[in-house]
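Here is a short note for a colleague who has not seen this structure before. Please read it with the model open.

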Amino acid sequence: MSINLILADDHPLTRAGLMAYLAKEQEFNVVGEFADGESAWNGVRELKPQVALLDIRMPGLDGVTITRKIKEEGLPVVALMLTSYDAQQYVLSSLRAGARGYVLKSSTAETLSRAIRIVARGGLYLDSEVANTVEEGENMSPEPISAREREVLLLAAKGLSGKEIAAQLYISERTVQTHLASIYDKLGARNKTESMLLALKYGVVMLEELLE
Amino acid sequence: MFFLALSIFLPPFGIMLLAATDLVYSQMSVKNLARSYVESFTEYIAHTIDMRGSDPTRIEIPPYENYNLSLGLYTYLGLGGRPGLLSVIDRDGVPIYGSEGLSRLFLSSGENFPMGSAKEIYDENGEMFTVAVYPSGHGDLSVIGAVSWRDLPGFTTRALYLWPILMGSAGLWSALSIWNLWQKVIVPLRNLEHEISSLEWGEEVPAERPFDAISELQKLRLTFTRVAHEAISRVSIIRSCMSDMVGVQEAERTKISRDIHDGPLQDVTALIQRIHLARLPSNDADDTKRELDLAENIAQATVKEMRGLCDFLNPPWLELGLDQALTELTERQSVQYGVRIFLDVDEGLELSESVTLAFFRVVQEAVTNSVRHGEAKNIWVDVKRDENGIELCVQDDGHGFDMAEGGTAGLRVEGHRGLSNMEERMMLAGGRLKIISYPGEGTCIRGLIP
């Protein structure tokens, strides 16, 4: 079973490197290679690959915009983001736009292959410093978070401020802070974005819930 | 201010108070004078009648001029002869002698007159008289003496009244003048002072409002308003300069960050990928060697790219002088952009560091613009000294642009800072920049340092 792919990255050297990664895997079939956002979007529409590897930052259309357009037009294409550094905010906005994961360009060929297989199967792949911290104990599951904490986390993930969350749940802002602190502790996160990515990774929340 | 106003106000008020007191005392002294006159005059007549027998029909009114100092003065001044009225009545109140009108007035007044002391009464016309009664003829007669106040005021009394009235009017006049001064000078001055001290300079101007004051103060306020407007425009200039500076700084940071992201960062990422590929267990020796060769090439390219970035940020060849620096710059740019650049710098130019830097940056920017916006193929860069100073000229054969629409300021508003950056560079170095461009005729950038 082969997987049809396109690769969009504006930097020739990294694109060449990624192509070399992909060439090592028999089951990957790269149907298109693009150096800018516009042509990548055209490639997505015409070639309808199973997986589109999209650089987040590109001239013309950026990866997040292409991902959003894929979702809007309901194309049967899974977007997997490529980034050159671990910018969680970009990652989060691409997940909100409909991406099924992200991979660092500097990761190994095995990691890239694994990510592609996972998203092609409909899974979610999150690579990053965050992902690396749990790499060792893949089956490790975090201390379970309470229903209330889960609620707070979801609202925070949707971009609500502490005040707004407090108002929506009829609790005090201080209580919201306490819940968030407890969530960070349980997930081992250092900030809100990280806690959301970890929650996604551990399956504490579903991507669909974030997108609601 | 308060004490000054008080000290200005005090004298006229003092004068008016003094005048009023004086008036009251004058009135009192005239009254006393009239009383003592009437009293002594009545008493004298009564005694005279007694001395000459009590037949009233034979009464002769004696001359009295010598009996009283005040009356003497009166006569002496020759004012009105003998003031006063005299009448004699018997014990039944029948007038025997003298003014019947006075007898009637006395009888009808119903007042009680203690012997020999005078009082003021009014007749039916409201005229005031000082009247005294003295018994005579062994109690059979009463001598009534009176002066009419209407006839009384001679020169002395008039003078007595006139002085305080004059003084009072002068006091009143100066008080009114001072009031005017207060209204037109002091109050507006205080308001103006308050306005100036409470104004947020550079933020607001004095409100449009009627300002009732002497013309000098009005002009002062106009000047103050103008200065306030000036301050606002100055502040806004400073602010826009600051925001320009901050904007330029931020834009530079963004550009450097993007350059690093798009250049070295990607190169190093590619390098890591090649190392990963070289390590793959499925490799044979050739594969590994190929990947390592590629990795080395990438590393070399990275070094070159980073060196280029450093050179762009702070060119090391600036220290070699303008000629060398421009040669280095234009050679790099001609390779980078694929254009021909003809450089001609006068020999022996000794330029300060700041002028060298300004010319260098202007050429850098101008060539970039010529290529990017003008799509020029040939660029001529000349630096020469003439009688006006040192002139830099960058001429291209690109398609030029329309200068008419707002000049560099207009371009800046649209986000094109290149031209105004060059202008500022030249101004900072003590020179000026002139840009000549017409659509289809290329662009000429001239920088002159006098």
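This is a predicted model: local features need pLDDT of at least 70, side-chain atom pairs count only at pLDDT 80 or more; totals for chains, interfaces and linings use all residues.

1. Chain A in outline. The secondary structure of chain A consists of 11 helices and 6 strands. The chain has 212 residues, of which 42% count as buried. If one takes the contacts in chain A between residues at least 6 apart in sequence, 61% of them join residues at least 24 apart.

2. The largest core. Which residues have the most contacts inside the largest nonpolar core? They are Val51(A), Leu53(A), Leu80(A) and Ile116(A), in a core of 63 residues. Helix α5 of chain A, residues 109-120, gives the most to this core, with 6 residues. Residues of the core come from both domain 1 (3-127) and domain 2 (147-211) of chain A, so the core lies between these domains.

3. Surroundings of Leu80(A). Neighbours within four places in sequence are left aside here. Leu80(A) is then in contact with Val51(A) and Leu53(A), with Ala99(A), Arg100(A), Gly101(A), Tyr102(A) and Val103(A), and with Ala115(A), Ile116(A) and Val119(A). Val51(A), Leu53(A) and Ile116(A) are also listed with Leu80(A) as having the most contacts inside the largest core.

4. A helix pair within chain A. Helix α2 (residues 37-47) and helix α3 (residues 63-73) of chain A pack with their axes 10 Å apart, at an angle of about 25 degrees. Angles under 35 degrees count as roughly parallel, and α2(A) and α3(A) are therefore roughly parallel to each other. The crossing of α2(A) past α3(A) is right-handed. On the α2(A) side the contact is made by Gly37(A), Ala40(A), Trp41(A) and Val44(A), and on the α3(A) side by Ile66(A), Lys69(A) and Ile70(A).

5. Helix α1 of chain A (residues 12-23) packs with helix α5 of chain B (residues 215-279) at an angle of about 25 degrees, the axes being 8 Å apart. By the cut-off used in the previous point, α1(A) and α5(B) are therefore roughly parallel to each other. Here α1(A) passes α5(B) in a left-handed crossing. From α1(A) the contact involves Leu13(A), Thr14(A), Gly17(A), Leu18(A), Ala20(A) and Tyr21(A). From α5(B) it involves Gln266(B), Asp267(B), Thr269(B), Ala270(B), Gln273(B), Arg274(B) and Leu277(B).

Definitions and conventions: Residues are numbered from 1 along each chain as its sequence is written. Chains are lettered from A and ligands numbered from 1 in the order in which they are written. A nonpolar core is a set of buried Ala, Val, Leu, Ile, Met, Phe, Trp, Tyr and Cys residues joined through C-beta atoms within 7 Å. A residue is buried if 20 or more other C-beta atoms lie within 10 Å of its own, exposed if 12 or fewer, and partly exposed in between; C-beta atoms are placed from the backbone. Helices (H or I, at least four residues) and strands (E, at least two) are DSSP runs, numbered from the N terminus. Domain bounds come from an automatic or database domain assignment. Two residues are in contact if their C-beta atoms, placed from the backbone, lie within 7 Å. Axes are lines fitted to C-alpha atoms, for helices over the stretch in contact, and angles run from 0 to 180 degrees between N-to-C directions. Angles under 35 degrees count as roughly parallel, over 145 as roughly antiparallel, 65 to 115 as roughly perpendicular and the rest as oblique. A crossing is left-handed if the near helix is turned anticlockwise from the far one by less than a right angle, and right-handed if clockwise.
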